[in-house]
Amino acid sequence: MTKIGRCRVDILLINSPIFQNQSEDDDDNVIPSLGLAYIASSLEAKGNKCEIYNAIKFDCDTTVDYINSKSPKYVGMNVFSINYELVCKIIESINPNITVIVGGPGIASLYKFIHEVQTSNIVITISGDGEKIVPEILGCQNLLKLGIKISENRFHIIVDKDSQYFVKDISESHIDRKFLPEEPLKHNKKGINEAFLVSSRGCVHACAFCTASRKQNPYSLKIRSRSQESIISEINDIVKKYGSDVNCIRVLDDLFLRNKTSFHEAIDIFDKFKLKWRAMVHVNALMNVNEEILKNLKQCGCFELEMGIESGSDRVLKMINKHKSKQRIIEKLTLLFETGIQVKAYFIFGFPDETIEEMEETYKLCILLNNLAKNLGCGFSISAFKFRLYYGTELFNNLFAGKSDYRLENKFDANLSDRIGRSQFNFWNGNYSNAEDDDINNYIEKVLALNHKDVT
Ligand code: B12
Ligand code: SF4
């Protein structure tokens with residue numbers, strides 16, 4: 001359990017639980033919620049007493065008991081497609097005098113379910129940036145000035161690019177690292193002690209399974225990136241706070257390396273530090289990036305790129321708007337392996353209409369990439385997930401056209417967890433593929449087993 005501050009707080013921010021029952025999976029690292037930390041930092045800067053409770057691995061009852069024991073005036077909670085039922089349950093179980101504020105990346109689609117909770121608590125949902133609007137709500141006597149009234153005790157506020165609470169320049173948002181007690185996160189096997197940062201909001205890519213896709217994002221079509229100076233200043237803060245306890249930075253968003261210019265900017269930034277770092281990258285962002293740039297990237301500390309490859313089937317890749325072709329992926333990863341930058345590749349099994357033959361293509365691509373990396377003496381690791389349908393995505397809209405209030409039933413796949421661990425990612429809400437559930441799980445286990453194999 002992670003909590004900050006023991007005295008009475010004005011507002012308790014909850015990184016909401018995703019498990020029905022408490023998770024006992026000890027190898028599961030929990031990355032702190034940066035979104036909540038931005039909100040907490042802003043609240044405190046405005047004189048409010050604030051605490052973050054990281055309930056991600058806890059169950060509802062534990063979370064409810066904690067909230068009631070603190071009895072704050074306000075609770076702020078994030079919500080995801082996979083846990084909206086739990087968030088509703090928590091709201092229905094806490095002290096009715098607490099005003100609840102719910103936000104987060106999925107809220108634009110989920111807010112209607114949140115408003116249906118059977119309780120007399122005041123419930124306010126916020127779609128968009130939280131750090132300017134939440135301090136405004138505290139103590140506000142007339143919520144109608146900020147948003148719309150949905151029904152008695154239910155309000156919805158949209159913080160879009162026209163709102164005065166929209167953060168136009170995200171370089172100005174500050175994170176106080178005391179709200180990230182999970183840092184530094186130690187990965188003993190990899191020998192890295194890590195701190196985290198996000199460099200952008202929104203996304204230029206259009207992955208059909210993602211809520212942040214530029215095609216779907218209703219509130220922040222404006223994609224925002226931080227200036228080089230603000231990122232350098234944050235890394236300076238990290239170095240100052242942790243000293244030699246941190247030797248690695250993980251950039252969590254997909255846009256830090258979004259095109260050739262941003263690769264040069266990243267090199268300029270990390271040239272100033274003696275730190276290792278790793279980041280997410282979309283394979284399309286590598287298109288105009290040559291060997292020389294990659295060598296410089298490695299030189300300035302980048303030891304790993306994380307990449308959502310998702311599938312080895314060209315039909316699936318096209319359907320999810322991911323990459324032009326499998327061939328391109330192979331070419332770009334070869335270049336990375338030759339440069340010695342290791343790759344952490346993410347794959348999904350069980351996309352809508354995906355056939356067992358297409359899953360086999362993904363498996364074969366994993367084998368090919370694993371062999372390529374091993375032959376070139378470079379690190380390569382695979383993460384594989386069962387497809388989960390999220391509200392607010394192109395795939396959701398295709399499957400449930402005109403039924404945005406369809407209630408997805410989220411389930412925890414205990415069988416998959418027993419087989420592969422890493423329980424926080426083994427949720428799902430239906431099999432939309434053309435294969436059996438067991439086939440999906442078998443493929444996930446098979447590709448993960450490649451992580452322990454040399455050339456196959
Ligand atoms: C990095 C990342 C992670 C990281 C770190 C999360 C973080 N930043 O805190 C990790 C790997 C831990 C992660 C985990 C998960 N993630 Co994630 N993640 C992202 C990613 C790539 C960037 C998020 C980010 O940092 N943005 C920058 C910060 C500053 O913005 P933010 O978090 O959105 O917060 C702002 C607002 O949303 C709002 N806000 C946020 N919380 C709250 C709460 C309140 C009360 C209010 C008022 C406002 C508010 O204010 C914040 C500041 O302005 C996004 C995709 C994207 N490009 O957005 C997916 C994304 C957010 N993740 C997603 C999901 C599903 C998850 C998981 C549930 C995955 C799972 N286990 O199944 C877990 C949830 C774990 C958790 N509770 O933290 C989905 C959410 C979709 C949905 N409809 O639910 C996204 C959109 C990706 C996708 N595939 O669609 N994620
Ligand atoms: S690149 Fe990442 S954040 Fe962007 S749309 Fe694709 S999955 Fe979502």
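Student: Which residues are around ligand 2?

Tutor: Before we list them, please keep in mind that this is a predicted model. Around ligand 2 you will find Cys203, His205, Cys207, Phe209, Cys210, Ser213, Asp254 and His282. Sorted by class, this shell has four nonpolar, three polar and one charged residues.

Student: Which residues come nearest to ligand 1?

Tutor: The shell of ligand 1 holds 40 residues, and those that come nearest are Asn15, Leu34, Ser81, Glu131 and Thr211. By class, 21 residues of this shell are nonpolar, 14 are polar and five are charged.

Student: Which atoms should I look at if I want to follow the polar contacts of ligand 1?

Tutor: A polar contact is a pair of N or O atoms within 3.5 Å, and you can start with Asn15, where an N or O atom of the side chain is 2.8 Å from a nitrogen atom of ligand 1. In Arg388 a polar side-chain atom lies 3.3 Å from an oxygen atom of the ligand, while in Pro32 a backbone N or O atom lies 3.5 Å from an oxygen atom of ligand 1.

Student: Which helix gives the most to the shell around ligand 1?

Tutor: That is helix 1, which contributes five residues. At least two shell residues come from each of helix 1 (34-45), strand 4 (74-78), strand 5 (99-103) and strand 6 (123-128).

Student: How is the protein divided into domains?

Tutor: There is domain 1, covering 2-159, and domain 2, made of 183-387 + 432-452. Their C-alpha centres lie 30 Å apart, and the contact between them takes 14 residues from domain 1 and 14 residues from domain 2. Returning to ligand 1, you can see that its shell draws at least three residues from each of these domains.

Student: How should I read a sheet, and what is the strand order in the open sheet of seven strands?

Tutor: In general, the strands of a sheet pair through backbone hydrogen bonds, either parallel or antiparallel. Here the open sheet of seven strands has mixed pairing and runs in the order 9-10-13-14-15-16-17. Strand 9 (185-187) and strand 17 (380-386) are at the edges with a single partner strand each, and therefore one side of each has no neighbour in the sheet. On average, neighbouring strands of this sheet are turned by 25 degrees against each other, if direction is ignored.

Student: How many bridges join strand 14 to strand 15?

Tutor: Four bridges join strand 14 (residues 276-280) to strand 15 (residues 302-310), and these two strands run parallel. To see one of these pairs, find Ala279, whose bridge partner in strand 15 is Leu305.

Student: Which residues does the cis peptide bond join, and where is Ser71?

Tutor: The cis peptide bond joins Glu183 and Pro184, with omega at about -10 degrees, and Pro184 has its place in the loop between strand 8 (154-159) and strand 9. Ser71 is found in the loop between helix 2 (60-70) and strand 4; its phi is near 35 degrees, a positive value in a residue other than glycine.

Technical notes. Residues are numbered from 1 along each chain as its sequence is written. Chains are lettered from A and ligands numbered from 1 in the order in which they are written. This is a predicted model: local features need pLDDT of at least 70, side-chain atom pairs count only at pLDDT 80 or more; totals for chains, interfaces and linings use all residues. Side-chain values use heavy atoms; hydrogens and water are left out. Two strands pair if DSSP finds at least two bridges between them. Axes are lines fitted to C-alpha atoms, for helices over the stretch in contact, and angles run from 0 to 180 degrees between N-to-C directions. A residue is near a molecule or strand if one of its heavy atoms lies within 4 Å of it. A polar contact is a pair of N or O atoms within 3.5 Å; within protein, one must be able to donate a hydrogen and the other to accept it, and residues adjacent in sequence count only if both atoms are side-chain atoms. Ala, Val, Leu, Ile, Met, Phe, Trp, Tyr, Cys and Pro count as nonpolar, Asp, Glu, Lys and Arg as charged, and the others, Gly among them, as polar. Domain bounds come from an automatic or database domain assignment. Contact means heavy atoms within 4.5 Å.
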